[in-house]
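Hi,

Here is the model we talked about. Have a look, and my notes on a pocket and a chain interface follow below.

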Amino acid sequence: MNHKINRAEAPGIQLESEINYLQPERYLTGNGIPVFIMRNTASEAVKIDLMFDAGSKYDEKPVAGLTTEMLLAGTSEKSMAEINDQIDDFGGYFNASVSADHAYLSIYGLNECTVPLVQLIEDAIFNAVFPEGELERMKKERKEKLKVSLEKVSTLAQRQFQAALFAGSPYGRLNHPEDFAEITREHLLRFFENQFKRGLRKINWVGNPSEEEIKSFVTVFERWANEVPEQPLAEFQPSQEKIALEKKDAVQTGIRIGKLLFDRSHPDYHKMTVVNTLLGEYFGSRLMSNIREDKGYTYGIGSYLGENQSSGYFVIATEVGKEFLEDTLVQINLELERLRNEPVPQEELDLVRNYLLGQFLRGADGPFAMMELFSVAESKGLDYGFYQEALTTVLKITPVEIQSTAHQHLNSNEMLVVTAG
Amino acid sequence: MLHFHRFQLANGLTVIFHQDKTTPMAVVNTLYDVGARDEDPNRTGFAHLFEHLMFGGSVNIPDFDSPLQRAGGESNAFTSNDITNYYDVLPSQNIETALWLESDRMLSLAFSEKSLEVQRSVVIEEFKQRYLNQPYGDVWLALRPLAYKVHPYQWATIGKEISHIEHATMDQVKHFFGTYYHPSNAILTVGGNFENAQIEDLVQKWYGDIPGKNKPARMLLREPQQNEYRTLSLERKVPTPAFYYAFKMSERKSAGYYLADVLSDEIGKEKSGQLDLQLKKEKGLVLEISAYILGSLDEGLFMVSGKLVPGKSFEELDAALWQVLDGFKSNPISENDLLRLRRKAKTSRAFQEQGLLNRAMNLSFFELLGDAEGINQEETIYNSIKAEDLQSCANELFVPSNCSRLFIHPEKPSHES
């Protein structure tokens, strides 16, 4: 029964718009720090994220990054190598990272030894001494890494964009290679006391612990607090200028175009998600179709909705052959204007709708993804209702709404344009 | 333990189905047994350029991506020196969309002139973005020909030079497709919440009528035994001096591959490994240092690379580095260290197995190695490794006549007169 198939005709498709959002279990440490547990019953893999109010915005110097990276660099009892060997004894891994708002310590391991692994790491960070020798090495390493990074046109454009967009606010502050020299151990110790010990905001735990394990886990973090006050963002004036940085010998030019916008708590956020996807968020987007797939000016171009704790922004980012710079800017403008002045064809909207539904489904697939969804919303004072609204918006949005959203928020005259190359 | 169901179509297509009842998504992974090592030395970068063209429309479907996106899915691909791998991830009820698209481009491409012209340009921009306009970006373009004199691993997947991509013609594209893109040169892996019979029927439906061809014979020149310490120093516009030591190591299918893999984990341990302790902490010579293997199918490279503390000399580094490596030759690592490596490997396996896409890609890759079942034997292989095996591996690897060394010196600032 081998029927001849018609290859010119696409198979039928169906899209699921039902997603089962799972609530994590919630516990509190003695000090009132929330511990969220998402069950992972399919595997032994465990991930624990500690989130601290210890982002780079809390200090004028690049202290946050150094402190975060040195959390496990030694105590008065143990050297960095000893701590690392002991983490290895449990088959554990860890990763420290920092954003403008928060520092994160992620711990990876297996169910069989979660609690002892976490006890070991908690002890090492609570008693961290930030040894002088390690700090000097780390400063050198960071300085050189920054110098290397400053050789990239993408970094140059991104930094200038951030500095101009958030000029006068902590989000617009940039690190420079010479900033590291003046940082001392005392800076780190003070930052650690104020932002880490008092700023353990929450703990996310993906795993499958027993009741006993949860009990002892929660007591492990009793000596940490969650009392860093909200830092209101002072008034600042985002720039809308055109900035061209020169980098001799560059064969490509980095481009960042964008503006201050809003974060996910704004009523237009979901509509902007659809607008942004159409413009530059997926492989078939207008920017990709025009500037990569039609003209071949770049390896990739995209647009993004970014956010920090207090605000959000919109940015278009690409690197193009320098001979294509001028026309790329023209084409980007054309695409912005087209979104603002013409309704989206129904066929394109249907495609983007389906693509986004698929993305939502994928973004909710498995306990690690589910924990991430929960945590991002929770950090903004939202819950899973946020994602339900997103789904509803994607299903219902009309070409008229898309056009008016774009018209309101994507005026190219209001945009900051940075090029580097 | 990964379970799978394997079958073959009459046209030679090998199919692996991996059931996962926990996910609403499906994965369709297609591995073609062709990589940069199969290229003509005068037309390098072709396998990768070709990968781009695979998205430029097939014989019955003008555009690959739109129908997939319309079905809620997305797709990507990568080319290595050994293989070209394409994957689609989409809601499982729409799996036929992926099978329809993938089978049509296995049947034949559209061979559009416009697509060739645009993708040539895109790949040239990729060449610039990743290899030319990045600090240290051209390191592999210099290191590969130093380490390999005969074997096609001497060029990177992007190609030796931009002109090879510029000169690619439609005839070459068609010839490449005819030689390498057909059922017997592919491994299709499907993952998701389906039943064996369902996948057998669907794959037969979409792939059954693609004509079979003989799998192309691969006759690569064997890299002759290296007999000298090869060294190269280059000046580049970079802020920090960098070093790259490349040691020839065993091919993927040999026991020596696993030994080198574990040895690189031990030597390169961040913050508690010997390279870090001695070169970074004790001697203050390096800003960062790591050890890793490239994982090639043929004779590969065991790498030790990093950045020098500015002001320190490469000579000092060279002496100190060889001293650390010699330590691994004369002393076996401790039982404790071996145990730690095993425990860490267990954790990282648990994480690797989290993603359906990862599992599907790995199953395809092990099938290419000879048997998808190999994926379930790796743990036993790794756990059987003893300290003295690693010591003898170190003795084979860490000799100057097995090493190619590249130093990158920062260019002296030029003084304009």
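In the second largest pocket, H12(A) is the top contributor to the lining, with six residues. Helices here are DSSP runs of H or I with at least four residues, strands are E runs of at least two, and both are numbered from the N terminus. This is a predicted model, where local features need pLDDT of at least 70, side-chain atom pairs count only at pLDDT 80 or more, and totals for chains, interfaces and linings use all residues. Residues are numbered from 1 along each chain as its sequence is written, chains are lettered from A in the order in which they are written, and side-chain values use heavy atoms, with hydrogens and water left out.

The pocket holds about 1400 Å³ of space. Of its 50 lining residues, A:Ser56, A:Val98, A:Ser99, A:Ala100 and A:Asp101 are the closest to the centre. (A pocket is an open set of points on a 1 Å grid over the protein atoms alone, where a 1.4 Å probe fits, with protein on both sides within 12 Å along at least five of seven lines; lining residues have an atom within 4 Å of a point.) Domain 1 (25-220) and domain 2 (242-420) of chain A both supply lining residues, so the pocket lies between them; the bounds come from an automatic or database domain assignment.

As for the interface, 74 residues of chain A contact 71 of chain B (heavy atoms within 4.5 Å). There are 14 salt bridges between the two chains (Lys or Arg side-chain nitrogen within 4 Å of an Asp or Glu carboxyl oxygen). One joins A:Glu134 to B:Lys281 at 2.8 Å, N to O.

Cheers

Notes. Grid points are joined across faces, edges and corners, and a volume is the space filled by probe spheres set on the points.
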